[in-house]
Amino acid sequence: MSTMSKNNDVIKEEPLRLTYLKPPLDTDKFPLASYQDVWHKFIVFSHGKSYGKTEILKAIINACEPEMLLPVKFKKENDNKCTFLGQCNSNAIKNLIKQRLCIILPGNFEIYLDIVLGFISKEELPINPNKIISQTFYQRYDSSKKILNLDDFENDKLLAYVFCPLSIPKIFHIVLRSIKQGVAGINRESKLFIRELSMKHNNLTAIILFEKFFYYNLTKLDLRFNQILDVEHLRYFSEFKITELWLDGNPLCTQYKNAQDYIKGVKNVFHHLQKLDGIMIDTEKKLLPNVQTHYLKDASKLPLIKQFVKHFFTMYDQEDRSIMNGLYDKNALYSMTLGSVTNYLHKQVAKVLVTNRNLLKFVDYAKCHEFLLRGPDKIISSLKRQPSTLHYIHTFNIDLLYESDDLLVISVQGIFLYKDISSSPPLLFNRTFTIVAKEENEYCITNDQYFIDGFNSNTLVQIKNKIKQDVKNVSVFVPTIFSPSEKHQLIVLLQELTTMNTAFCFKFLDNVNWDIRRAITNFTKMYTLNDVPPEAFQ
């Protein structure tokens with residue numbers, strides 16, 4: 001029996017279950033729907049198809065429009081059933097009943113609801129969403145710099161019980177109102193005193209607010225990696241003096257033919273803009289080159305690309321490039337081109353790089369095909385002949401040129417020098433890789449285009465100041481084999497050499513981090529001393 005209050009009268013009512021199997025026709029018969037001090041329980045049935053939490057809750061919230069439903073304590077019971085508690089008014093319940101407790105998901109898929117009205121009182125379950133949101137705000141607000149970080153707000157650990165996607169306008173409004181109320185309770189401020197606001201990775205399609213939440217000191221706005229289709233959907237911020245704006249990773253960026261049109265379109269809304277996507281813009285000069293450390297579309301491939309770049313150049317900078325075996329596909333192509341190298345020492349090095357495929361420098365065009373190397377053996381042999389290098393990864397710019405489910409094309413630009421020529425100045429390189437997914441979540445290079453160029457004298461001084469590092473501090477790369485198929489091949493090889501069984505071959509290899517040479521050396525020593533147990537050969 002739940003104890004509830006309505007109009008200051010204490011009443012007792014049993015929870016009441018409404019079911020989609022027999023949808024009620026008249027909500028006025030259910031006074032529990034109008035009580036504000038109870039949690040209603042929502043039971044969702046998907047009948048044979050599994051849906052994600054966000055997909056389900058967004059559809060139900062949208063079905064309550066124009067009323068508001070705030071879900072808490074979502075729980076997936078099984079693939080076809082989930083539950084959550086909700087705080088809403090009777091009109092939201094009526095809107096769901098009008099739809100016969102059947103919710104349409106994108107793609108015309110259906111889910112069904114049972115609602116237990118007055119499931120539990122708020123006194124019994126004292127969850128305060130507004131307070132939780134305010135506490136999350138304090139963790140994300142830098143009061144000294146006046147920076148508010150709402151990046152990926154929905155997945156904040158402090159919001160474990162509360163569903164708060166900023167992509168739903170009404171929930172976004174609730175979040176900002178809760179934040180403002182929390183601040184007002186301390187500072188008695190009617191608006192948020194924020195200079196910088198970051199809202200990356202929130203699936204925002206637009207920002208539509210009808211309340212003034214911010215003071216006019218807001219000058220920096222970061223909306224990267226959302227789903228904003230049109231800059232006009234950001235008109236809310238047009239009256240602020242936004243001088244710095246980030247819009248990378250939004251669909252609107254692809255709607256402009258060139259950077260000039262992009263800048264013009266954005267400035268129609270943000271009149272005071274000085275910096276767009278990290279680049280200073282000048283209406284007089286019309287266009288400045290856009291150079292970014294990572295241009296990676298929606299950044300979903302960023303971890304994979306960073307891992308590949310670090311892995312490749314760490315191995316490339318080792319004394320013995322034989323460890324790069326396995327990186328190139330069996331039909332991989334490699335070509336190298338030299339630009340305007342003017343330094344005397346670099347010219348001497350260039351003589352060693354006999355595979356220069358610069359068509360402007362060719363005398364004998366018959367070698368054009370010869371200098372296009374095919375297959376890992378020829379490629380690795382060519383790389384081993386090149387002088388040892390040191391790449392400065394912190395200078396790298398990375399562009400994602402193309403991506404599909406199983407293929408990436410990336411361009412890496414940065415600075416390096418030849419370690420054996422200590423007096424030589426650094427060089428600029430650009431390397432374009434085509435990377436293809438293989439079995440067991442592995443990737444191989446199928447095309448490697450390598451370009452080397454020199455710096456002019458004016459730029460060289462700046463570059464030398466930027467890369468003050470100790471050339472000797474190059475991390476030693478210890479190759480590790482993760483692929484199950486590669487481990488199996490090494491086990492088979494060790495079995496053929498030693499006649500040991502699979503279990504002992506695995507043990508020998510695993511003890512030396514799958515270094516086959518060390519495994520054979522250890523076996524030979526132990527076998528000579530008669531330390532290999534008889535069961536290893538059973």
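Predicted model: local features only at pLDDT ≥ 70, side-chain atom pairs only at ≥ 80, totals over all residues.
Most residues other than glycine have a negative phi, and most peptide bonds are trans.

Asparagine 203 also has a positive phi, near 55 degrees, and is likewise a residue other than glycine. Asparagine 203 is found in the loop between β11 (196-198) and β12 (220-222). At 42% relative accessibility, asparagine 203 counts as partly exposed.

## Two prolines in loops

Glutamate 65 and proline 66 are joined by a cis peptide bond, with omega at about 5 degrees. Proline 66 lies in the loop that runs between α1 (53-63) and β5 (70-78).

Proline 23 is in the loop between β3 (16-19) and β4 (38-45). Is proline 23 buried or exposed? Proline 23 has a relative accessible area of 14%, so this residue is buried, the cut-off for buried being under 20%. Proline 23 and leucine 101 are 78 residues apart along the chain, while their C-alpha atoms are separated by 6.8 Å.

## The chain as a whole

The chain has 538 residues, of which 45% count as buried. Its secondary structure comes to 13 helices and 22 strands. Among the contacts in the chain with a separation of 6 or more, 64% are between residues 24 or more positions apart.

## Aromatic pairs

The structure holds 26 aromatic pairs. One of them is formed by phenylalanine 137 and tyrosine 141, whose ring centres are 5.0 Å apart. The planes of these two rings are at 20 degrees, so the pair is stacked; the cut-off for stacked is under 30 degrees. Phenylalanine 137 is buried, with a relative accessible area of 2%.

Tyrosine 527 and phenylalanine 537 form an edge-to-face pair, because the planes of their rings are at 75 degrees. The ring centres of tyrosine 527 and phenylalanine 537 lie 6.3 Å apart. This pair links distant parts of the chain, with tyrosine 527 in helix α13 (residues 516-528) and phenylalanine 537 in the segment after α13, 10 residues apart. Tyrosine 527 counts as exposed at 51% relative accessibility, whereas phenylalanine 537 counts as partly exposed at 32%.

Which residues form one aromatic cluster? The cluster consists of Phe308, Phe312, Phe313, Tyr316, Phe396, Phe416, Tyr418, Phe429, Phe433 and Tyr450.

Arginine 321 has its charged end over the ring of tyrosine 316, 4.1 Å from the ring centre. Arginine 431 has its charged end over the ring of tyrosine 450, 3.9 Å from the ring centre.

Serine 388 is placed in the loop between α9 (376-385) and β19 (389-404). With a relative accessible area of 7%, serine 388 is buried. Leaving aside residues up to four places away in sequence, serine 388 touches Glu319, Arg321, Leu417, Tyr418, Lys419 and Asp420. Of these, Arg321 is the residue whose charged end sits over the ring of tyrosine 316, and Tyr418 is part of the aromatic cluster.

Serine 485 is found in helix α11 and counts as partly exposed at 29% relative accessibility. The C-alpha atoms of serine 485 and glutamate 439 are separated by 9.0 Å, and the two residues are 46 apart along the chain.

## Helix α11 and its neighbours

Two packed helices are described by the angle between their axes and the distance between the axes. The axes of helix α11 (residues 484-498) and α13 come within 11 Å and cross at roughly 30 degrees. The two helices are therefore roughly parallel to each other, as angles under 35 degrees count as roughly parallel. The crossing of α11 and α13 is right-handed. In this contact, Leu490, Leu493, Leu494, Leu497 and Thr498 of α11 meet Ile516, Ala519, Ile520 and Phe523 of α13.

The axes of α11 and helix α12 (residues 502-511) come within 9 Å and cross at roughly 110 degrees. α11 and α12 are therefore roughly perpendicular to each other, and their crossing is right-handed. The contact is made by Leu490, Ile491, Leu494, Gln495 and Thr498 of α11 with Thr502, Cys505, Phe506, Phe508 and Leu509 of α12.

Terms used: Residues numbered from 1 in each chain as written. Heavy atoms only, no water. Phe/Tyr/Trp six-rings, centres within 6.5 Å; stacked < 30°, edge-to-face > 60°. Buried < 20%, exposed > 50% of the residue type's maximum accessible area, 1.4 Å probe, protein only. Helix = DSSP H or I, 4+ residues; strand = E, 2+ residues; numbered from the N terminus. Lys NZ or Arg CZ within 6 Å of the ring centre and 35° of its normal. Axes fitted to C-alpha atoms, helices over the stretch in contact; angles between N-to-C directions. Parallel < 35°, antiparallel > 145°, perpendicular 65-115°, else oblique. Left-handed = near helix turned anticlockwise from the far one by under 90°. Contact = heavy atoms within 4.5 Å.
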